[in-house]
Amino acid sequence: NTPRDRDHARISAIIVASVPAVVDATSRAELIVSHSLALGGYAAARRHGSPLVTGHLFDGVIPSAAMNPLGVNLGPLNRAVWAMVRRMVRQKTDPVFNEALASVGLSPERDLFFSASHSRLLNLVAVSPTICRLAPLTDRPYQLTGSWFDDDETEPDPALAAFVEAGPPPVVIGFGSMTGIDARAWTRRLVEGVGQRRAVLQTGWANLGDVELPEL
């Protein structure tokens, strides 16, 4: 198996295993607010008959007449590109997502990724209307709210805080939830690219950093 295959199997197992717990925890919820990519919220809303509001941290998975999934405006071709991407996505995600729905007694659906990630009631998008122009290809309601900020005053790890304060602001590098890459090879490339500049490397789901790194 390739790293991508192993990551796919691991993530699929996590998705299927997580849904029953979410459904159980929300049995008395009058309203469910869920991340747009969290299937558990959608499954819980269906199972309990509760209204669902989804939150989008970015607008990249909102089918738009003004932008295709690659972030480029191809005008009249945008709609066709979205249709092609939806077809590709459902081929990969429908089997896993429907397995998760079945685990809580729900019937299967088609094109489940896009159905689950876009509420029919309200979609809150954490993007400023100054930098984003939505032209949804669906009739589902979206509200651009501007960025969301966490007011939690949790202190960073002391070692990280000391490093940040010890010199010029460092570059922060992270691949977020990207998986299926050669983490060691990419870490070496990033270290070479940074050179002598100070940097903070976020491990993320790609498990970056699993090689010998330069001294601080």
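The points below go from the whole chain to single side chains.

1. Overall make-up. Please keep in mind throughout that this is a predicted model. The chain has 6 helices and 6 strands, and from the N terminus the elements run α-β-α-β-α-α-β-β-α-β-α-β. Along the principal axes, the C-alpha trace spans about 55 × 40 × 40 Å.

2. Burial and surface. Of the 216 residues in the chain, 34% are buried. The accessible surface comes to about 13,800 Å², and carbon and sulfur atoms account for 57% of that surface. As for contacts between residues at least 6 apart in sequence, 52% of them join residues at least 24 apart.

3. Helix 2. This helix, residues 39–48, is largely enclosed by the rest of the structure, because 7 of its 10 residues are buried. The buried positions are Leu-39, Gly-40, Gly-41, Tyr-42, Ala-43, Ala-44 and Ala-45. After helix 2 comes Gly-49, which has a positive phi, near 70 degrees.

4. Arg-46 is partly exposed, with a relative accessible area of 28%. What does Arg-46 form a salt bridge with? The partner is Glu-109, and the closest N and O atoms are 2.6 Å apart. This pair links distant parts of the chain, as Arg-46 belongs to helix 2 and Glu-109 to the loop between helix 3 and helix 4, 63 residues apart.

5. The second salt bridge. The whole structure holds 2 salt bridges, and one of them joins the side chains of Asp-111 and Arg-86 at 2.5 Å, N to O. Asp-111 lies in the loop between helix 3 and helix 4 and Arg-86 in helix 3, so the pair ties together parts 25 residues apart in sequence. Asp-111 counts as buried at 11% relative accessibility, while Arg-86, at 23%, counts as partly exposed.

6. Aromatic pairs. I would look next at the rings: there are 4 aromatic pairs in the structure. One of them is Trp-82 with Phe-114, edge-to-face at 6.4 Å centre to centre and with 85 degrees between the planes. Trp-82 is in helix 3 and Phe-114 in helix 4 (residues 112–116), so to speak a link between distant parts of the chain, 32 residues apart. Trp-82 and Phe-114 are both buried. Phe-97 and Phe-113 form a stacked pair, 6.4 Å centre to centre with 25 degrees between the planes. Here too the pair links helix 3, with Phe-97, to helix 4, with Phe-113, 16 residues apart. Both Phe-97 and Phe-113 are buried.

7. The cluster and its charged neighbour. Trp-82, Phe-97, Phe-113 and Phe-114 form one aromatic cluster. The charged end of Arg-86 sits over the ring of Phe-114, 4.5 Å from its centre; Arg-86 also takes part in the salt bridge with Asp-111. Elsewhere, the charged end of Arg-189 sits over the ring of Trp-186, 4.8 Å from its centre.

8. A nonpolar patch. On the surface, Leu-37, Leu-57, Phe-58 and Trp-148 form a nonpolar patch, with about 400 Å² of accessible area together. Where is Phe-58 placed? Phe-58 is in the loop between strand 2 (52–56) and helix 3 (77–102). With a relative accessible area of 41%, Phe-58 is partly exposed.

How values were computed. Residues are numbered from 1 along each chain as its sequence is written. This is a predicted model: local features need pLDDT of at least 70, side-chain atom pairs count only at pLDDT 80 or more; totals for chains, interfaces and linings use all residues. Side-chain values use heavy atoms; hydrogens and water are left out. Buried means under 20% relative accessible area, exposed over 50%, partly exposed in between (1.4 Å probe, protein chains only). Helices (H or I, at least four residues) and strands (E, at least two) are DSSP runs, numbered from the N terminus. Patches are made of residues with over 30% relative accessible area and no salt bridge: like charges are joined within 9 Å, nonpolar side chains (Val, Leu, Ile, Met, Phe, Trp, Tyr) within 5 Å. Accessible areas come from the Shrake-Rupley method with a 1.4 Å probe; for residues, only the protein chains shown count as cover. A salt bridge is a side-chain nitrogen of Lys or Arg within 4 Å of a carboxyl oxygen of Asp or Glu. Rings of Phe, Tyr and Trp (its six-membered ring) pair if their centres lie within 6.5 Å; planes under 30 degrees apart count as stacked, over 60 as edge-to-face and the rest as tilted. A charge sits over a ring if NZ of Lys or CZ of Arg is within 6 Å of the ring centre and within 35 degrees of the ring normal. Contact means heavy atoms within 4.5 Å.
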